[in-house]
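Hi,

Here is the structure I promised to pass on. Have a look at it first, and then read my notes on the aromatic rings below.

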Amino acid sequence: MALTSCGKGKGDELKTGEKGDRKVTLNFWTFWGSETRRPIIEKIIDDYNKSQDKVVVKHTFLPWGDIWTKNIVAIAAGNAPDVIVNDINTVSTRAEKNQVEDITKMVEKDKLKDKLLPELFKTVEHNDKVYALPFVTDTRLLFYNKEMFKEAGLDPEKAPTTWEEIEEFSKKIEKKEGNRFTQMGFYPLWGSFGADSWMLNADNGVGYFTDNFDVQIDTENKVEALQWIKDYTDRLGAESVNMFASEFGSQQANPFISKKVAMIIDVATFYTQLRDYGKDVDFGLAAVPEFKKGSGNYSVGGGFVVEIPKGSKHKEEAYDFMKYLTDKEAQTYWAVKNFDAVANIEAMKQAAEDKELDEKSKEVYKFTIENLKSTKMAPRPIWGYDIHEVVGPHIDNVLLNNKNPKDELKKAQEKVEKLKK
């Protein structure tokens, strides 16, 4: 990779620049503490520290469950970090609560918007101002087992393209011994594509909110989507679904990796599990099937941003570091080492051709880039911050308690609209 290693000692913050000025120390908080990700982010930090003589960045790791709570406490106490990694879909909430610094003028001066994925950049804007820079994202793909397709008499090079087709294919693949499934084709809620994602896919890529934060829960297409999931569950049987579901996420025992399930919708980085634990799985990739032919292969994504918590005493220096984190070099390094989709457009193109990736990895990464074009984020307004806690019980009422989808989504719509008032 283009980045070069650089080691820093404990006293680096005391070193002086060319003009004898003390270096500014930036406190950078992340939740990247794993054996995989921590060395990568610290390598990027070291290279930034080496690239200039005005600033030294100090990395603080905080666990996933603690980092954002402690950030809010630190802001209130006037002792906020200078830069933090935060959730991509709640930037507007933090902007509204005055928890994050406005960086609009600096972003416009550097024309950063043109370098970053448009769908991601929308999440960092609030009332025509910019409050963060997108760093990393994800998208969902359909993984399917070509060998199991062949055994079922299906074309291994032809993935299902609509919801109707995915159920047709699934029925051909299913195997039973008595009343017990020994092999399944597909179930909508396995992987990482929940009921809310299916409803977005069905409703022209619109989730619970429009771009203007109008509530869009009780719609004809979303009702039909929820009914489809219910009918699918009823056909397979909840007991059968739960039996297979209990094994997901367990590496070699994962039902897709162990060839008990032929299709799954999951994040693109699921490929790394297949690479490491399912080397004998001959799989293909496809976009999430369309609700109806021609309606659109909408997928969903999340991710993280880097931002300056309110009260940072080094706003300009913090922004310069954020700019480095989202520039081509650092983003390419992160993308290749983590196999992540990143915000910088040119970085993703470069990562897809990197010599560290084998041909299959390049194939998957290029498909990921293409799939991001139809991937939607789900930013939430401050009044809808807990949207999933409000809507979730009504979805459960349909799938677990046999309630009517239309009635439940109508109730959910009414509750969310009350939050807006």
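What follows is a short tour of the aromatic side chains.

One thing to keep in mind: this is a predicted model.

The structure has 33 aromatic pairs. Take tryptophan 64 and phenylalanine 304 as an example: their ring centres are 5.8 Å apart and the planes stand at 90°, an edge-to-face pair. Where do the two sit? Tryptophan 64 is in the loop between β2 (55-61) and α2 (67-76), while phenylalanine 304 belongs to strand β13 (residues 303-307), so this pair ties together parts that are 240 residues apart in sequence. Phenylalanine 304 has a relative accessible area of 17%, and it counts as buried because the cut-off is under 20%.

Another pair to look up is phenylalanine 135 with tryptophan 334. With 5.3 Å between the centres and 70° between the planes, this one is edge-to-face too. It also links distant parts of the chain: phenylalanine 135 is in strand β6 (residues 133-137) and tryptophan 334 in helix α13 (residues 328-338), 199 residues apart. Are these two buried or exposed? Both phenylalanine 135 and tryptophan 334 are buried.

Then there is an aromatic cluster, made up of Trp163, Phe186, Tyr187, Trp190, Phe193, Trp198, Trp228, Tyr232 and Phe291.

The charged end of lysine 176 sits over the ring of phenylalanine 181, at 4.7 Å from the ring centre. Likewise, lysine 360 lies over the face of phenylalanine 283, and the distance to that ring centre is 4.4 Å.

Cheers

How values were computed. Residues numbered from 1 in each chain as written. Predicted model: local features only at pLDDT ≥ 70, side-chain atom pairs only at ≥ 80, totals over all residues. Heavy atoms only, no water. Phe/Tyr/Trp six-rings, centres within 6.5 Å; stacked < 30°, edge-to-face > 60°. Helix = DSSP H or I, 4+ residues; strand = E, 2+ residues; numbered from the N terminus. Buried < 20%, exposed > 50% of the residue type's maximum accessible area, 1.4 Å probe, protein only. Lys NZ or Arg CZ within 6 Å of the ring centre and 35° of its normal.
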